[in-house]
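Please consult the sequence and structure shown next.

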Amino acid sequence: MVNIIITAPRGHMDGLIVKAACERDDIRIAGGLGPAGRDYIGKDIGLAAGLGREIGALVYDDLTKIIDQCDLVVDFSRVELSMEVLEICKKYKKGFLCGTTGFTPQQEEELLAAGKEIPMMKAANTSFVVNVMRKLLGIAANALGDKAKIEILDLHSQDKLDAPSGTALELAEEMAERSGKPMDSIAFHSVRAGDTPSSHKVFFGCMGEMMEISHHAYNWECYARGACDAAVYMAGHGVGLYTMEDVIGL
Ligand SMILES: NC(=O)C1=CN([C@@H]2O[C@H](COP(=O)(O)OP(=O)(O)OC[C@H]3O[C@@H](n4cnc5c(N)ncnc54)[C@H](O)[C@@H]3O)[C@@H](O)[C@H]2O)C=CC1
Ligand SMILES: O=C(O)C1=N[C@H](C(=O)O)C[C@H](O)C1
C-alpha cells in the first residue's frame, strides 16, 4: 500500500488521478494540496476532485502540514508549483512523481538530480502505450539513420501552456540517443486548438516513401492510470531516479 498526496485536485489531470487512485486497493490518498484561498481548502479531496463523494482525506494549502502522512507526492500541475513541491519532498525525504511539463533545461536537471536524494520520477507521459511507442521510435530511428528526416507533430488543447509538448521532447531524446543523431536534426510542430486531449505523430521522411508512427489519446485517463502504476512502483523502491520504462518493464 502506498500513501500519496495529490497536488492540484481541481486540475484536469490530478482530478483524474484522484478518481483512478480511489478505484485501486494498493493506493491510499493521504490528502491534497490546493492554492491558498480556494473554497475547497479544508474540504474532502473527493469533493474537490469532482468525484461527488467524500473519501476521508482533506485538501490543504500548505504541503508541510501533511507531508509526514505520505510516502510520495504526485504532482501534475504547473512548473512553479512543481519546483516548490520538489524542495519540500527533498527536505522531508519523500518520493516525488512529477508529471508536469514545460520546465527549463536547468529545472529539468534539478528534478533529475533529486534522484540522488529521494525516490524520483519525472515523466512527461505516463501512458503505457506512449511508452511502448517511444521504444518503437528508438528502434525505427536507429534502423533508418540518415535515410530518414524525422519531424514530430503534437496536437493539444488550446489551454496547454507549453510547446512542443513534454512528450514530443522525450520522444525526440529517445530517437536522438538511439540513432546517434543530434536533437536539433529533429523538427517540432505544435497545434494548440480546441479541446484535443493529445496526439503525437512522428514522421520518418525518406526518399520516395514516408513512415508515420502515431498515438492519439481520446481522453486523459490513460495518463492517470499510468501515474497510479508509477506511484505503486516507486513505493516499492528506495532512493533513485525512475522512468516509466522501469514501471512498464520494457
Ligand atoms: N505526464 C503526463 O502523462 C501528463 C502530463 N500533463 C501535464 O500536467 C500538467 C497539468 O495539466 P492539466 O491538468 O491539464 O492542467 P490544469 O490547468 O487543468 O491543472 C493545473 C492545476 O494546477 C493548479 N495550481 C497551479 N498553481 C498551484 C499552486 N501554487 N498550488 C496548488 N495548485 C496550483 C491549478 O489551480 C490547476 O488546478 C501540465 O504540465 C501537462 O502538460 C498532462 C497530461 C498527462
Ligand atoms: O494535455 C497535456 O497537457 C499533455 N501534456 C503532456 C505533454 O506535454 O506531453 C502529456 C500529454 O501529451 C498530454
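The lining of the largest pocket comprises 18 nonpolar, 19 polar and 12 charged residues (Ala, Val, Leu, Ile, Met, Phe, Trp, Tyr, Cys and Pro count as nonpolar, Asp, Glu, Lys and Arg as charged, and the others, Gly among them, as polar). The model is predicted: local features need pLDDT of at least 70 and side-chain atom pairs pLDDT 80 or more, while totals for chains, interfaces and linings use all residues. Residues are numbered from 1 along each chain as written, chains are lettered from A and ligands numbered from 1 in written order, and side-chain values use heavy atoms, without hydrogens and water.

**Largest pocket**
- A pocket is an open set of points on a 1 Å grid over the protein atoms alone, where a 1.4 Å probe fits, with protein on both sides within 12 Å along at least five of seven lines; lining residues have an atom within 4 Å of a point.
- The largest pocket is lined by 49 residues, and His12, Met13, Phe76, Ser77 and Arg78 lie nearest its centre.
- Helix H3 (79-92) provides the largest share of this lining, 6 residues (helices are DSSP runs of H or I, at least four residues, and strands runs of E, at least two, numbered from the N terminus).

**Ligand 2**
- Ligand 2 sits in the largest pocket (more than half of its atoms lie within 2 Å of the grid points).
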